[in-house]
Amino acid sequence: MKNIPQSHYISFVLHVLIWLTLLLLPYVVSNAANHYSIGSIPASFFSINWLIHLVLFYGNAFYLVPKLFKRQYWGFYILTSTVLVLLSYVLKYNILKVWFPALVDDQPAHKFIFAPSIVIVVISFIYRMVVDRIRFEKEQADSRAEQLANELKFLRSQISPHFMFNVLTNLVSLARKKSDQLETSLITLSDLMRYMLYETQHKKIELRKEIAYLDNYMALQMLRFASDVKIDYKVNLNDLDADTTIEPMLLIPFVENAFKHGTGSATTPWMMIRLEVDRRKLHFEVKNPYGAKIEPNGIERSGIGLGNIKLRLDLLYKNSYSLTINDKENIFHVILTLQLS
């Protein structure tokens, strides 16, 4: 019982209430002075009729339609549903004959007695089609949501190894130089790993934490390159809402690509990184040169980064972002505008 979805309980209660209303309605619209009759038909017969209709409704909706019509036994379904309606006519007639003999010869009343059987079967058929359609669309939506969640999980899992490969390469470079900055770099790296291990498990993360992660990454890169690369990195937070959130590890691939392709291929390596947030609107810009021998498209194909980020943006911010990537005169320029939650 605990595993039954709440929606099933609600549906069950609604069905009970609807049928109880239909069964008691004849007594509500009639009165004792009229001997609880609607015209010449007693209210009790209407209630008995609704019990027959109840069997017709659920028999057709939950047995004939799924067992015959849904399996494309259409001829057999039409025959069986017709027989079911005829049986209801026979049953109603015999009830009239035994309990309400005065109505047997009341021809005008027959249309209120026999016609509803066909209407109920049609309604139950439509009901089943609508319910199945809603269930199918829900299953499709759940399946799509699960697929998107798995895709997102896969895309996130790609980021960490890619990022770690680049960072460890940086640390090896410092170790070879026997730099005093190696210890500081390892401490910074531990902060980055803590973020990746624990914070990225959430669907969304506070923007301030994501920016702190980006700051640590930039500090690690600045330790490595020192004055070899001119780095212009600025963050401007204008009235940032404290509860503003963002997808974890969303911005770092752009910066990774800038370091990967802008520091080793240009004659005078440099990069410009701007991050501006005005309340819940983010503007992120990365610009760097690339060598003449490297094709702009090769930047995207060479790693997981930009291809990954485009997929994640489509999955999570489909109608809430704009991404522009320009490559002119050996300058690679990325502009991301994002409406945050």
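In the predicted model, the axes of helices α6 and α7 come within 11 Å of each other and cross at roughly 10 degrees. The two helices are therefore roughly parallel, given that angles under 35 degrees are counted in this class. On the α6 side, the contact is made by Y213, L214, Y217, M218, Q221 and F225. On the α7 side, I252, V255, E256 and F259 take part. By class, the residues of this contact comprise eight nonpolar, one polar and one charged.

Helix α7 spans residues 252–262. Of its 11 residues, 10 are buried, so α7 is largely enclosed by the rest of the structure. The buried set consists of I252, P253, F254, V255, E256, N257, A258, F259, H261 and G262. Of these buried residues, I252, V255, E256 and F259 also form the α7 side of the contact with α6. In the protein as a whole, buried residues make up 38% of the 341 residues.

Helix α6 also packs against helix α5. Helix α5 covers residues 181–198 and α6 covers residues 207–225. Their axes lie 10 Å apart, and the packing angle is about 155 degrees. The pair is therefore roughly antiparallel, the class for angles over 145 degrees. The crossing of α5 past α6 is left-handed. From α5, the residues in contact are Q181, T184, S185, T188, D191, L192, Y195 and M196. Their counterparts in α6 are K209, E210, Y213, N216, Y217, L220 and L223. This contact divides into seven nonpolar, five polar and three charged residues.

The strands considered here form an open sheet of five, in the order β4-β6-β7-β9-β8 and with mixed pairing. Strands β4 (230–238) and β8 stand at the edges; each has a single partner strand, so one side of each is left without a neighbour in the sheet. From one strand to the next, the twist averages 5 degrees. Strand β9 runs antiparallel to β7, to which nine bridges join it, and antiparallel to β8, to which eight bridges join it. Another bridge into β9 links T324 with I335.

Two of the helices described above meet this sheet. Helix α6 lies across β4, β6 (270–278) and β7 (281–289), and runs at about 165 degrees to β4. Helix α7 packs on the sheet as well, touching β4, β6, β7, β8 and β9. The direction of α7 makes about 10 degrees with that of β7.

Strands β8 and β9 form a hairpin with two residues between them. The loop between β8 (321–328) and β9 (331–339) holds E329, and N330 is found in this loop too. Most residues other than glycine have a negative phi. In E329, however, phi is positive at about 50 degrees, although this residue is not a glycine. N330, likewise not a glycine, has a positive phi of about 60 degrees. The relative accessible area of E329 is 77%, which means that this residue is exposed. N330 has a relative accessible area of 34% and is therefore partly exposed.

Overall, the protein has nine helices and nine strands. Among contacts in the protein with a separation of 6 or more, 71% are accounted for by residues 24 or more positions apart.

How values were computed. Residues numbered from 1 in each chain as written. Predicted model: local features only at pLDDT ≥ 70, side-chain atom pairs only at ≥ 80, totals over all residues. Heavy atoms only, no water. Axes fitted to C-alpha atoms, helices over the stretch in contact; angles between N-to-C directions. Helix = DSSP H or I, 4+ residues; strand = E, 2+ residues; numbered from the N terminus. Parallel < 35°, antiparallel > 145°, perpendicular 65-115°, else oblique. Left-handed = near helix turned anticlockwise from the far one by under 90°. Contact = heavy atoms within 4.5 Å. Nonpolar A, V, L, I, M, F, W, Y, C, P; charged D, E, K, R; others polar. Buried < 20%, exposed > 50% of the residue type's maximum accessible area, 1.4 Å probe, protein only. Pairing = 2+ DSSP bridges.
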